[in-house]
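Open the model in your viewer and keep the sequence panel beside it. This tour goes from stop to stop, saying what to select and what is there.

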Amino acid sequence: MDLLNTLVDKGLRRELPTRDEALAVLATSDDDVLDVVAAAGKVRRHWFGRRVKLNYLVNLKSGLCPEDCSYCSQRLGSTAGILKYSWLKPDEASRAAAAGLAGGAKRVCLVASGRGPTDRDVDRVSDTIKAIKDQNENVEVCACLGLLSDGQAERLRAAGADAYNHNLNTSEGTYGEITTTHTYADRVDTVQKAHAAGLSACSGLIAGMGESDEDLVDVVYALRELDPDSVPVNFLIPFEGTPLAKEWNLTPQRCLRILAMVRFVCPDVEVRIAGGREVHLRTLQPLALHLANSIFLGDYLTSEGQAGKADLEMIADAGFEVENAGEVTLPEHRAPSGGGCGSHVQDGCGSHDGAGCGSHAEAGCGSHQGGGVCGSAPAAPAEVPVAVAEAPADARTDLVSVRRRGAGTDLAPNA
């Protein structure tokens, strides 16, 4: 297929595809999906070999968020039966992180629900970062705390944070239909603050919220313009008790096409499969490793993932290997000299004037529940009723499992 040959050539040169080419990837048929995976896999292997980076989420503060992100189980008015608790203490967070690191994770993502951190919250997270790094010298730590105020990114960097996650989630044109309590521009500003402070920027998207192909291309092109080091791709987890509970729009093949499009547009960045892979990719998860070079190990923020042991077996069975702590994730031209995960020096995934990337969604390191805002919340919000339509008859609601173990509980984590 001429389209795929063209996209492979462009990916190897880090050349931006045209919008029509990106849209054409999403429009390919299910009959062609293996050809699409094979083509994008050539680009992935060129820049990242057969390495898979493992990331582990620690939900520092769960629920009670004052923001109204429609996809999020922690949102204002959510009736989803998730765990709700206030800030974990540094030693509690460090113990939670240790489980993921023992399972092979290279990066720990520290996430907190809310609009954004207070200065006191930044102090809390700084203490947590120190506690984790005192026990694990080579670990990467990514913070995801929501909208940042001036100077907060610099304080997190000084405390030892390596990265900051804040997702764009969807296109600028449709953002107001998903969230009304903050703007798309607010999110862009936070990614830019993180990037300017020397943090490795992590910013991604959520697919499956009813968006068009054009919306998906818009947000991925916007991410390329911001030039993050990592792009988490979340697939909406339709939680009962949220406004998007009826949005079951994804098939495994559709998810593969989305991941391939992201790889072609951002060929040399860390593409991470975040929240929702078990729900929507299902038995085709191993194929997605040919497109993405990074996944979350074990559970997510408020939902349970497949067993950590199964993740490791899947990687090995698919012919990939876990990236170890001594390996540099990013290609040489993106990583700083001597480098680990840090922000790159020059070109990279696309030209920029200065800004960043990541995510966890229900998800990954950057935004909760498929993506939302992270950070501390003021007082607990009043409950607001949420009208939710019934899911389609063929929806796999049995695959949505609320997290009941790990951080915030007395049960062992999944890692």
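Helices (H or I, at least four residues) and strands (E, at least two) are DSSP runs, numbered from the N terminus. Residues are numbered from 1 along each chain as its sequence is written. This is a predicted model, in which local features need pLDDT of at least 70, side-chain atom pairs count only at pLDDT 80 or more, and totals for chains, interfaces and linings use all residues; side-chain values use heavy atoms, with hydrogens and water left out.

**The whole protein**

Start with everything shown. The protein has 13 helices and ten strands. Buried means under 20% relative accessible area, exposed over 50%, and partly exposed in between (1.4 Å probe, protein chains only). Of the 415 residues, 62% count as buried. A contact means heavy atoms within 4.5 Å. Among contacts between residues at least 6 apart in sequence, 80% join residues at least 24 apart.

**Two loop residues**

Select Asn169, in the loop between strand S4 (163–165) and helix H7 (175–178). Most residues other than glycine have a negative phi. Asn169 is not a glycine, yet has a positive phi of about 75 degrees. With a relative accessible area of 1%, Asn169 is buried.

Next select Arg282, in the loop between H11 and H12. Arg282 also is not a glycine and has a positive phi, of about 50 degrees. Its relative accessible area is 27%, so Arg282 is partly exposed.

**Helix H13**

Select residues 308–317, which form helix H13. Which residues of H13 are buried? They are Gly308, Asp311, Met314 and Ile315. These residues lie on the same side of H13, because they cover an arc of only 115 degrees around the axis (the arc is that of the directions from the helix axis to the C-beta atoms). An α-helix has 3.6 residues a turn, so residues three or four places apart point the same way.

Now show what covers the buried residues of H13: the cover includes strand S1 (51–61), helix H11 (277–280), helix H12 (285–288), strand S9 (294–296) and strand S10 (321–322). On the face turned away from the buried side, find the exposed residues Lys309 and Asp317. Just after H13, Gly319 takes a positive phi of about 90 degrees.

**Salt bridges**

Side chains of opposite charge can pair when their charged atoms come close. A salt bridge here is a side-chain nitrogen of Lys or Arg within 4 Å of a carboxyl oxygen of Asp or Glu. The structure holds 27 salt bridges.

Select Glu140 and Arg107, which form a salt bridge with their closest N and O atoms 3.0 Å apart. The pair links distant parts of the chain, 33 residues apart: Glu140 is in strand S3 (residues 140–144) and Arg107 in strand S2 (residues 107–112). Glu140 counts as buried at 6% relative accessibility, and Arg107 counts as buried at 1%.

Move to Asp123 and Arg155, whose side chains meet in a salt bridge (2.4 Å, N to O). Asp123 is in helix H5 (residues 119–135) and Arg155 in helix H6 (residues 152–158), 32 residues apart. Asp123 counts as partly exposed at 39% relative accessibility, and Arg155 is partly exposed with a relative accessible area of 30%.

Then select Lys193 and Asp150, another salt bridge (3.5 Å, N to O). Lys193 is in helix H8 (residues 184–196) and Asp150 in the loop between S3 and H6, 43 residues apart. Are the two buried or exposed? Lys193 is buried, at 18%, whereas Asp150 is exposed, at 69%.

**Leu156**

Return to helix H6 and select Leu156. At 0% relative accessibility, Leu156 counts as buried. Not counting residues up to four places away in sequence, Leu156 touches Val122, Val125, Ser126, Ile129, Ala143, Leu145, Leu148, Ala161 and Tyr164. Ala197 is 41 residues from Leu156 in sequence and 9.0 Å away in space, C-alpha to C-alpha.
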